[in-house]
Each structure stands twice: as C-alpha cells, then as structure tokens.
Amino acid sequence: MTPSAVSSETARHASTATAVARVPAMGAESMSCRPAADDSLATVETPPATDDRSRDRDAEQAADPALDPSADRSAGSPAAASTQTAHEDLLRLRVVPARHPGRAVLAVVVGLVIAAVAYSFLTNPRWEWGVVAQWFVAESVIRGLLETLKLTVLAGVVGFGLGLALALMRLSPSALISGVAWTFSWIFRSTPLLVQLLLWYNLGYLYERITLGIPLTDVTFFDARTSDLMTPLLAAILGLGLHQAAYAAELIRGGILSVDQGQLEAASALGIPARDRSLRIILPQAMRAILPTAFNEIIGLVKGTSIVYVLAHAELFFTIQLIYGRTQQVLPMLLVATVWYVVITSLLSIGQYYIERHYARGAVRSLPPTPLQSLRARLARRSTSKGALA
C-alpha cells in the first residue's frame, strides 16, 4: 500500500471514531448496527430517549437492588437473605385475640344477676315447686291449655283473614270501600277488648232473636234465639277475632305499602291480573315486613285469651282460678299458668325465626344461620383461637 493510500484510510477511520464518540453511552443491548454501504464501516443508530417513568424506575432500582428484576435472586444474594429473614419473623409472630374488658365486666355482672334470681327461685320454699310439679300436667290444666290454643287458632284465623280483606279494601280507589274499612278499624281499635267481649256475650239483651232471610218477605233461612247462639266460646271468638282484625288490617296494609311501587307497575305492564299481582307478587314481598309484627300480635293474642275468664269460659287462666280458689295455693298455680304461657310463646318465637328465614331468601345474599349453625360456628371459632394461642 502506498503512503498516500495509508494516510487516506487513516483519515477515514479517524472521522468515524469522532462520530461514535458523539453518541451517548448506552447499553450494548440498546444499540443496533447495520453494515455500511461499502461493508467496511458500521454506522451506529441512537435509540429513542427514555421517558420520565423509565428514569424513575431506574433510579428506584439503583437505590434498592431488590426491586431490580435483573438482580441476582440466588439464595446467597443480600435481597433474598433479607426476604427470608422477614418471612421467618412473620412466622414467629403470635396471633392474640382482641381484648374487650367492658364486655367481660358486663357479662360478669349479668351472670351474677341471673345466678341470684335463679338461686332465689330454687331456694325460696314459698314458691312451692312441688305443688307446681303436681298441677303442671294435671288433666284439668291440660284441658284449659287446649282450650286456650283453640281460642288462639280460631280467633287468629278470623282476625288475620278479615284483616287481609280490610287491608285490601283500605287500598281500594273506591272511597266507599276504603271508608268502610277505615271505620271498622277505627271502632274496634278504639274500644277496649273487655268491653267488646261483654257486648258480644250480652247481645241477646239488644236483639232477642237472630233471623236471616229476604227483607220485606216471609222468606226465612235461619231463625234462633240470640242467647242460645251466643255461647261463651262464640262470644270469645268474635270478640278476640274482630279486635285482632282491626290491628291486622293496619299491619298488613303497612307491609303492602313497603313494597316498591315499581314491582306493581312492572306486573301491570306484563298484563298480570290484579288478583295475581296482589297474591303472587306483592304479598310475598310484603311478608318480610308483616311477619315480625304479626307474630307479636299472635303472641299477644295467646296472652289475651286469659281475659276470656270474664265469660266463664274454661280456658287456661279460668281453670287456674278455679283450682287456686279451691286449694288456696295462689302463687304456685299462677306460676303453673305463667310457665305454660312461656312455653307457648317460646314455640311461637322459634316458628317465627324459621318463617322469617324462609321469606328472606330473595332479600339477602346469604340466609341467617340457624341456632345450631351459630353454635357450631362459635365452637369452631373458639377452637381456632385456642389453637392460635397454643
């Protein structure tokens, strides 16, 4: 090669080196090279500039090597060692349940009060528990109990059946029908139950005979003396049932009004008949609001049958009165009646819980647990917390 050729080649290489020096230093993997036109030199293409997020991420990885995905994750690296140490520290932590000192103090106080009351009931000889046990399942007491249950069922059917009809009448667009239902509720809610029972029992004083037929003609379908028809049982059913109907009408009406108006509008838009709209769409949804108050009314009706003693009808309380009037054991016999009323209301409360649970299926995501399920869950939580403490 001649000296002139060497100097020309050297000058070309020097100019190429100057161009390379002007390129910002980047990683080898971010630079791409392509052959030059004469296959003797390579030109370097610069990559696009990184954005602010990439620069922030690079700064964080430089400050904390554990955040660098390309960092060494082997067991011997400092980041892996620190992670392992933190995991072991978490495993050594002991889970301790939260303390509730106020709840514990209240539970102790309530427990002491219950223990004192129970001790008084069991050790006071004047309660005469032997007499209570003797009369609790006596034949006369059981007959009075069955009569109380019969009165409750018959009066409840009359009361809630008529109450449903009155509630629908109150919601009628007809002013006459709505006014009649309102007047019925107003009269029977304004009159004491005892007065209504005595009025029905003495109806024969106002009307000597009861006759059913076609007015202004001689056609008669039924004719009887009022005193022969109005027995203590019938007077009790009418008095309790009509009195209950006035209250049942209002609670059923309130439950119906609690249903969203859009349900009724959607049913009407689908062309569902009015009867099916009420019985199949509105009432099942209203039952969730009706049931709690309705069961309160039924429980009150059970206890309200005790007032029928003024008619000398042999229900539970009247039977108890006859017994303690003969034996002079007043408090033990009243305790017998009290225990039976508690048993009846307890059974009604259990039935209320399961019926409300049934009607809650379309309103809640998960049904409330039964008492047995609650007991199992509580025992499971207690065993789990004991295992954690161990």
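Asp276 is partly exposed, with a relative accessible area of 24%, in a scheme where buried means under 20%, exposed over 50% and partly exposed in between (1.4 Å probe, protein chains only). The side chain of Asp276 meets that of Arg275 in a salt bridge, at 3.9 Å from N to O. A salt bridge is defined as a side-chain nitrogen of Lys or Arg within 4 Å of a carboxyl oxygen of Asp or Glu. Arg275 is exposed, at 61% relative accessibility. The structure holds 7 salt bridges.

The model is predicted, with local features requiring pLDDT of at least 70 and side-chain atom pairs counting only at pLDDT 80 or more, whereas totals for chains, interfaces and linings use all residues. Residues are numbered from 1 along each chain as its sequence is written, and side-chain values use heavy atoms, leaving out hydrogens and water.

Helices (H or I, at least four residues) and strands (E, at least two) are DSSP runs, numbered from the N terminus. Helix H6 covers residues 139-170 and contains both Arg143 and Glu139, which lie 4 residues apart, about one turn of the helix. Arg143 forms a salt bridge with Glu139, and the closest N and O atoms are 3.0 Å apart. Glu139 is exposed, with a relative accessible area of 62%. Glu147 and Lys150 also meet through their side chains in a salt bridge, at 3.2 Å from N to O. These two residues, Glu147 and Lys150, are 3 residues apart in helix H6, so about one helical turn separates them. Glu147 is buried, with a relative accessible area of 16%, while Lys150 is partly exposed at 36%.

Apart from neighbours within four places in sequence, Gln196 is in contact (heavy atoms within 4.5 Å) with Phe188, Thr191, Gly239 and His243.

On the surface, a nonpolar patch is formed by Val105, Val109, Val113, Val117, Phe121, Leu122 and Trp129, which together have about 640 Å² of accessible area. Patches are made of residues with over 30% relative accessible area and no salt bridge, like charges being joined within 9 Å and nonpolar side chains (Val, Leu, Ile, Met, Phe, Trp, Tyr) within 5 Å. Accessible areas come from the Shrake-Rupley method with a 1.4 Å probe, and for residues only the protein chains shown count as cover. Helix H4 (residues 101-123) gives the most to this patch, with 6 residues. Phe121 is placed in helix H4 and counts as partly exposed because its relative accessibility is 31%.

Strands E3 (residues 209-213) and E4 (residues 220-225) run antiparallel and are joined by 5 bridges; two strands pair if DSSP finds at least two bridges between them. Thr211 stands opposite Asp223 in E4, and Gly213 stands opposite Thr220 in E4. The hairpin of E3 and E4 has 6 residues between the strands, and in this hairpin Leu216 takes a positive phi near 65°.
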